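Please look over the structure below with its charged pairs and its nonpolar surface in mind. The report that follows takes up these two topics in turn.

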Amino acid sequence: MAAGTRSADISRRFGFTNGVTRDESTGDSRYNALQVWVDRRFSNRLAFQTAYTLSRTISNVPTQSYISQTTDVFNYDLDKGFADLDRRHALVFNAVYALPTFKNLGAVGSGILGDWQLNTIASFYSGTPLNIFSGVDTAGTGGAGSQRPDLVSGVPLYLHNANDPIAIVNPAAFKIPAKGQFGNLKRGESEDRALAILISR
């Protein structure tokens with residue numbers, strides 16, 4: 001066995017390089033929310049409903065576990081953080097406005113212009129948490145797809161460059177962990193999220 005191969009084997013958690021598949025139905029999740037609801041019943045041809053939800057979802061089993069792997073099967077809490085589906089703010093609004101019947105225009109005019117409604121539904125959601133991976137298997141688990149980097153203390157996580165709005169994350173805020181170590185960056189640690197807006201009529 002070559003020296004390089006032997007060294008790589010020693011760094012593996014299970015002592016060998018072959019893939020190990022483990023399927024288990026487990027994990028912890030916690031959801032807390034406050035909801036405010038405003039409802040106007042149909043009156044004077046207008047009705048509307050508005051619901052606002054402030055919530056937080058914490059989990060130690062990310063969605064990626066179903067398609068790839070957990071960071072460390074011996075310590076699920078390495079993946080504890082804001083859940084992939086966490087939406088901190090959610091605002092949903094709908095309204096119905098009934099137009100006049102135009103009965104004064106006669107049967108033909110009322111039949112064409114009357115009994116119409118204007119309806120709208122608007123949904124506003126804050127973006128999902130930001131999750132950053134290192135792409136390097138420093139922990140020796142045989143998979144780099146779920147390992148996160150170390151967070152560099154004192155370096156801003158985000159770039160605020162008005163000349164380049166696409167450059168959001170600051171690469172200098174992260175570094176590759178030491179060999180045999182997992183990164184200290186938590187999953188979904190970012191609180192700065194994009195605003196996702198869905199509007200239908």
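Valine 108 sits in helix 2, which spans residues 106-113; helices here are DSSP runs (H or I) of at least four residues and strands are DSSP runs (E) of at least two, numbered from the N terminus. Because its relative accessibility is 65%, valine 108 counts as exposed, where exposed means over 50% relative accessible area, buried under 20% and partly exposed in between, with a 1.4 Å probe and protein chains only. Together with Phe102, Leu105, Ile112 and Leu113, Val108 makes a nonpolar surface patch of about 470 Å².

The model is predicted, so local features need pLDDT of at least 70 and side-chain atom pairs count only at pLDDT 80 or more, while totals for chains, interfaces and linings use all residues. Residues are numbered from 1 along each chain as its sequence is written, and side-chain values use heavy atoms, with hydrogens and water left out.

How many salt bridges does a search of the whole structure find? The search finds two, a salt bridge being a side-chain nitrogen of Lys or Arg within 4 Å of a carboxyl oxygen of Asp or Glu.

| Salt bridge | Closest N to O |
|---|---|
| Arginine 148 and aspartate 79 | 3.0 Å |

Arginine 148 is buried, with a relative accessible area of 5%, and aspartate 79 is buried at 0%. In the other pair, arginine 88 is buried at 11%, and aspartate 86 is buried at 0%.

Note on methods. Patches are made of residues with over 30% relative accessible area and no salt bridge: like charges are joined within 9 Å, nonpolar side chains (Val, Leu, Ile, Met, Phe, Trp, Tyr) within 5 Å. Accessible areas come from the Shrake-Rupley method with a 1.4 Å probe; for residues, only the protein chains shown count as cover.
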